[in-house]
Structure formats: structure tokens, C-alpha cells
Amino acid sequence: MSKLHVLGSGGPRPIKSRFGSSHVVDVGGRKIMFDCGPATTYKMSKMDLHPLDIDYLFFTHHHFDHDVDYPCFMMTRWDESVGKENDLQAFGPNNTESITERLIGEEGAFAYDINARTNHPLSKSTYEHRGGILPRPRMNVKARDVGPGTVFTGNDFEVTAAPAEHVEPYHDSLAYRLDTLEGSIVFTGDTEPCEKVVELAHGADALVSMCGNFESVYDARRPADVGQTGTLGAAEMAAEAGVKELFLVHVGPDLSAPENRERGIAEVKTVFDGEVTLTEELETYDWHKHDHSDDNPPTGPEVHPHIHRH
């Protein structure tokens, strides 16, 4: 059974119950990470996950609430290694390569720490006691800037990206689809409802969608508050794509308040009749491969006014 580990299910404003975005898909014995927001590495330890479990990391975009724990994740993964593990492969829109280089390159922000942990006798001894053989190899992260289309194809999974609509042109945002033998799951990242994301998600088993607030809140703030998805927008994308399960993430303080949760889910269900889960941080959810052979074609645009078509 495939699993979705929710490490971060909030936004850039920290509250007691959630802060930032990060998710790990556990499928076929492989764990794949999407985004690496605040305290991701620490949150992993609370869920019995470890950075060395992860060989592939996909960034939807580079707002800090989606990537600020990247240096901690990389450093911890390397510091716990014994030199025999796979190199981390990190994919994301523009700036993924430059951010990585500025953090861990030879002149990067953490070069002093990497040099100390590579060369000091104490660090060498710790490395050997852990099972490593000197000389200790320098950290190597294979970072790559990617765009829409096929991002990665492995022996047992493929990741495809589509352009999301969030804060362009300041930096690009991507939605991702993970296809495996055990099913397919799509991450919208931060976006307003848009046709490209719906197309990416068409026929997938599960959609992990941003759902920052009630739709009425965003409607009241438009046109200024663009680039975000609310309850009806998430529901409409899920319905039009024909997914069977919808996981709501990037949930803001209003929607996540205990007294508002049922109202939020009920609003989603007025449009989408599949399974709906308003996620909590540090929780694991099952998702399943479904039979789509009897699915109806996507509903037309007149029924989904929140989805932008270009």
C-alpha cells in the first residue's frame, strides 16, 4: 500500500499545528520527497524517517516555506553517511542549481562546516566509527533546474512536471506527477487553479492540492490575491482531473481551526465526490491505485469557474 507522509502542511506563517510544506511519498519501498520546508529534517525524525531514506527531492518552487530546510537536510544526510549511499538528486525550477551551489559549493555558505567535518581528526574518527573508510568523500548533490515535461525516469517511477501559476515572473513554480506501478499521485505545489495542473492530474489516483482558505476569502480579495487555491478551486481541479482521492495541504490558520474543518470539507464535497482528507502535520495517509476504466470525461469549463484556461 502506498503512503503519503505529511511533514509540513501549512504556509509561511507558523502556527502551533503547522508550518511550511514537505511531503514524502512511500511507494514500492522507495521514499521520494516533494519540497523541504521549515524543520523538515526534525519532523522526519518524529516520523521515524531519515534523510538517508531519500535519494530524490523535487521542489515545486523556491519560496522559503518550501525550501528553507534544504541546507539542514543536505548537511544531515551527508553527515550521517558512510560514503556508500547514493548521491542526493534534487530537481526544481530555476535557481535550484544556484541555491545548491551557494550552500554547499567550494565557496558556499556551509563550505567551512563541510571542510571541518572532512578534515578534523574528531570528525574523521566519528566517520570511521560509523563505518566509513577514509578519506571521506566530499558531499555531492546532483541538482538540476527543470521545467515542464518529463523530469526524471527511473526503473520503477517517473516524474512529470507542469507549469503552476503562483508568483510568476518573479520565479517559476511547478506541479509534479509521480507515476509508479502502484499508482499515481500529483502535487499541485502553490498555484491558483489552472488547466495545466488539471491536465497533469488527469486520471491520477490522488491529488495533493494546496488549499489555503475558504474560497469566499480569496474571492473577496481578488484580483489582488491571485496565485492561490481555496476550497472550491481544489475541489474543481480534482473533479475535472478525475482523481479519486484529494488531500488538502498548505492549509491556512482559518481553515485548519478545529471549528472550521467540517465546514471546509463540506464545501469541497459540494463539487468533488471522491475521498477528501484535510491533512495534519506528522501524519501518514494511505492512498490507493484505482480503476479508471469507467471514468467519465472531464467536466467542461462552464462548471468550474475557478479554473483558469489560457
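Predicted model: local features only at pLDDT ≥ 70, side-chain atom pairs only at ≥ 80, totals over all residues.
A residue counts as buried when its relative accessible area is under 20%, as exposed when that area is over 50%, and as partly exposed in between.

Asp286, with a relative accessible area of 32%, is partly exposed.

Along its principal axes the C-alpha trace spans about 65 × 40 × 35 Å. Of the 310 residues, 54% count as buried, while the chain exposes about 13700 Å², of which carbon and sulfur atoms supply 51%. Among contacts between residues at least 6 apart in sequence, 67% join residues at least 24 apart.

Side chains of opposite charge can pair when their charged atoms come close. The structure holds 12 salt bridges, and one of them joins Lys43 to Glu281, with the closest N and O atoms 3.1 Å apart. Lys43 lies in helix 1 (residues 40–46), whereas Glu281 lies in the loop between strand 13 (275–278) and strand 14, so this bridge ties together parts that are 238 residues apart in sequence. Are these two partners buried or exposed? Lys43, at 10% relative accessibility, counts as buried, and Glu281 is buried as well, with a relative accessible area of 13%.

Another salt bridge is formed by the side chains of Asp87 and Lys142, at 4.0 Å from N to O. Asp87 sits in the loop between helix 3 (70–79) and strand 5, and Lys142 in strand 6 (residues 141–145), so the parts tied together here are 55 residues apart in sequence. Asp87 is partly exposed, with a relative accessible area of 29%, and Lys142 is partly exposed too, with 45%. Salt bridges also link Asp79, Asp113, Arg117 and Arg136 into a network. The charged end of Arg136, moreover, sits over the ring of Trp78, 4.0 Å from its centre, and the charged end of Arg263 sits over the ring of Phe214, 3.7 Å from its centre.

Rings can also pair with one another. A pair of aromatic rings is described by the distance of the centres and the angle of the planes. The count of aromatic pairs in this model comes to 12. In one of them, Phe34 and Tyr176 are tilted, with 6.0 Å centre to centre and 55° between the planes; Phe34 is in strand 3 (residues 30–34) and Tyr176 in strand 9 (residues 174–180), 142 residues apart. Phe34 is buried, with a relative accessible area of 1%, and Tyr176 is buried, with 0%. The rings of Phe91 and Phe152 have their centres 5.7 Å apart and their planes at 55°, so this pair is also tilted. Phe91 and Phe152 are both buried. These four residues belong to a cluster linked by ring pairs, which also includes Tyr56, Phe58, Phe157 and Phe187.

How values were computed: Residues numbered from 1 in each chain as written. Heavy atoms only, no water. Phe/Tyr/Trp six-rings, centres within 6.5 Å; stacked < 30°, edge-to-face > 60°. Helix = DSSP H or I, 4+ residues; strand = E, 2+ residues; numbered from the N terminus. Buried < 20%, exposed > 50% of the residue type's maximum accessible area, 1.4 Å probe, protein only. Lys NZ or Arg CZ within 6 Å of the ring centre and 35° of its normal. Contact = heavy atoms within 4.5 Å. Areas by Shrake-Rupley, 256 points an atom, 1.4 Å probe, with all protein chains shown as cover.
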